[in-house]
Amino acid sequence: MRRQAAPAGLLSTDGKPHPLQDSLMAATLVLGAVAFITAMFHNLHLLSSWAGLIGIGTGAYGQFISATTRERFLLILGLGASAVGFYLGMAHGGLFGGVLG
């Protein structure tokens, strides 16, 4: 009996579980959303810059170990949001603005 292949799509997975990659993907998306949204408020620059910096780190490591296109696609979305939030947070006061000296 011949096996039928699953339909291939842009975001299809390989059918195997990837718990570490999925966790990094979810963390990057959440951190990116937090960094992006809080970057719109000048007084939340500490939160946006730190969330963005951590999101960039988790997203970069997630890209390094990602196994499927779905993971890579969503990691890039989270990385982009984290980077925008980080840069706007840095422009509004930075990682330690007003706290240290």
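Which helix supplies the largest share of the nonpolar patch? The largest share, 4 residues, comes from α1. The account below concerns a predicted model.

## Overall architecture

The chain contains 3 helices and 0 strands, and from the N terminus on its elements follow the order α-α-α. Of its 101 residues, 33% count as buried. Contacts between residues at least 6 apart in sequence join, in 79% of cases, residues at least 24 apart.

The chain exposes about 6,400 Å². Carbon and sulfur atoms supply 71% of that area.

## Annotated transmembrane regions

An unreviewed UniProt entry carries the annotation "transmembrane region" for residues 20–41, 47–66 and 73–95. In the model, the span 20–41 is 86% helix and 0% strand, and its end C-alpha atoms are 32 Å apart. The span 47–66 is 95% helix and 0% strand, with 27 Å between its end C-alpha atoms.

## The nonpolar surface patch

Helices α1 (19–38) and α3 (69–92) each supply at least two residues of the patch.

Two members illustrate these contributions. Val-34 is placed in helix α1 and counts as partly exposed because its relative accessibility is 32%, between the limits of 20% and 50%. Leu-88 belongs to helix α3; its relative accessibility is 31%, so Leu-88 also counts as partly exposed. The C-alpha atom of Leu-88 is separated by 7.5 Å from that of Ser-49, although these two residues are 39 residues apart along the chain.

## Thr-28, a buried residue of helix α1

Thr-28 is found in helix α1. Is Thr-28 buried or exposed? Its relative accessibility is 0%, and Thr-28 therefore counts as buried, the cut-off for that class being under 20%.

Which residues does Thr-28 contact, leaving aside its neighbours within four places in sequence? They are Gly-55, Thr-58, Gly-59, Leu-75, Gly-78, Leu-79 and Ser-82. Among them, Gly-55, Thr-58 and Gly-59 have positions within helix α2 (residues 45–65), whereas Leu-75, Gly-78, Leu-79 and Ser-82 have positions within helix α3 (69–92). The side chain of Thr-28 also reaches the backbone oxygen of Leu-24, at 2.7 Å.

## Ser-48, a buried residue of helix α2

Ser-48 lies in helix α2, which covers residues 45–65. Because its relative accessibility is 0%, Ser-48 counts as buried. A polar atom of the Ser-48 side chain lies 3.2 Å from the backbone oxygen of His-45.

Not counting residues up to four places away in sequence, Ser-48 touches Ala-35, Thr-38, Ala-39, Gly-85, Phe-86 and Gly-89. Of these, Ala-35 and Thr-38 fall within the residue range of α1 (19–38), and Gly-85, Phe-86 and Gly-89 fall within that of α3 (69–92). How far is the C-alpha atom of Ser-48 from that of Leu-95? The two atoms are separated by 8.8 Å, and the residues are 47 residues apart along the chain.

Methods
Residues are numbered from 1 along each chain as its sequence is written. This is a predicted model: local features need pLDDT of at least 70, side-chain atom pairs count only at pLDDT 80 or more; totals for chains, interfaces and linings use all residues. Side-chain values use heavy atoms; hydrogens and water are left out. Buried means under 20% relative accessible area, exposed over 50%, partly exposed in between (1.4 Å probe, protein chains only). UniProt positions are given in the numbering used here, feature names are shortened, and annotations may be inferred rather than shown by experiment. Contact means heavy atoms within 4.5 Å. A polar contact is a pair of N or O atoms within 3.5 Å; within protein, one must be able to donate a hydrogen and the other to accept it, and residues adjacent in sequence count only if both atoms are side-chain atoms. Accessible areas come from the Shrake-Rupley method with a 1.4 Å probe; for residues, only the protein chains shown count as cover.
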